[in-house]
Amino acid sequence: TLRQYYQLNDHFAYDDGTADFAAGINFMTGELAVRFVINKPDTLTGMKINFPVVNPSSNGKGLELMIWNELSDSTVLHRQAFQIVNNGRQDFNEIVFSQNIYVEDTIYIGFKQFTEDYIGIGFDKDNPLGMEAIFSNTGTEWEQNTRLKGSLMIRAVFGQVSNTLMKTNQNK
């Protein structure tokens with residue numbers, strides 16, 4: 001008898017769930033993003049991100065979480081303020097977006113930071129395929145990662161639309 005088990009999740013991830021170390025930037029208004037190619041249109045409901053404990057601590061620092069169609073300010077699909085809570089190597093902050101976002105084709109999920117302090121993101125060195133999906137902007141243009149072999153622990157979370165329309169019966 002041969003058995004195969006697959007774990008089905010509500011998220012798209014390049015990482016294996018354990019941070020080997022942290023990677024990030026330390027630049028005022030710096031931006032970091034991970035590219036996800038969506039096979040068919042879906043509803044993005046949130047994101048998961050691992051902020052491991054690093055020195056200096058990023059706990060309590062504010063970020064602006066962002067979703068882009070393309071990496072430019074004119075293609076931002078969603079912005080949402082977030083305050084960092086540091087995690088263990090296998091734990092994630094799970095952020096539910098204030099609105100569901102219809103996405104198709106390619107999206108970028110990440111953040112803009114408002115400090116020159118280092119903001120570390122969990123980094124999984126076991127999947128080099130995630131290397132080409134990492135982008136950073138510490139000035140005026142986005143750059144694709146060419147140095148770090150692995151994946152940032154930023155995940156796209158999908159789900160069913162939870163918006164409900166209410167209607168009332170009107171007597172005629």
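**Questions on one predicted chain**

Trainee: What does T29 count as at 42% relative accessibility?

Mentor: Buried means under 20% relative accessible area, exposed over 50%, and partly exposed in between, with a 1.4 Å probe and protein chains only. T29 has a relative accessibility of 42%, so T29 counts as partly exposed.

Trainee: From which number are the residues counted along each chain?

Mentor: This is a predicted model, where local features need pLDDT of at least 70, side-chain atom pairs count only at pLDDT 80 or more, and totals for chains, interfaces and linings use all residues. Side-chain values use heavy atoms, leaving out hydrogens and water, and residues are numbered along each chain, as its sequence is written, from 1.

Trainee: Where does T29 lie, and what is its phi near?

Mentor: T29 sits in the loop between β2 and β3. T29 is a residue other than glycine, yet its phi is positive, near 60°.

Trainee: Which strand holds D105?

Mentor: D105 also has a positive phi, near 65°, and is a residue other than glycine. Its relative accessible area is 52%, so D105 is exposed. The element in which D105 lies is strand β6.

Trainee: The peptide bond from N55 to P56 has omega near 5°; is it cis or trans?

Mentor: P56 belongs to the loop between β3 and β4 (62-68). Most peptide bonds are trans. The bond from N55 to P56, with omega near 5°, is cis.

Trainee: How many strands does the chain have?

Mentor: Helices (H or I, at least four residues) and strands (E, at least two) are DSSP runs, numbered from the N terminus. The chain has zero helices, and its strands number eleven.

Trainee: Which strands stand at the edges of the open sheet of three strands?

Mentor: Two strands pair if DSSP finds at least two bridges between them. The open sheet has the order β2-β7-β10, with antiparallel pairing. Each edge strand has a single partner, so one of its sides is left without a neighbour in the sheet; the edge strands are β2 and β10 (151-152).

Trainee: Over how many bridges do β3 and β6 pair?

Mentor: In β6, I49 has N93 as its bridge partner. Strand β3 (residues 31-49) and strand β6 (residues 93-113) pair in the antiparallel sense, and the number of bridges is 15.

Trainee: Which residue of β11 stands opposite M47?

Mentor: β3 runs antiparallel to β8, with four bridges joining them, and there A33 stands opposite F135. β3 is also joined by five bridges to strand β11 (residues 154-158), again antiparallel. In β11, the residue opposite M47 is A156.

Trainee: How far apart in space are L129 and A33, C-alpha to C-alpha?

Mentor: L129 is in the loop between β7 and β8. With a relative accessibility of 66%, L129 counts as exposed. In sequence L129 and A33 are 96 residues apart, and in space their C-alpha atoms are separated by 15 Å.

Trainee: What percentage of the residues in the chain is buried?

Mentor: Taken along the principal axes, the C-alpha atoms fill a box of roughly 65 × 55 × 30 Å. The chain has 172 residues, and the buried ones make up 45%.
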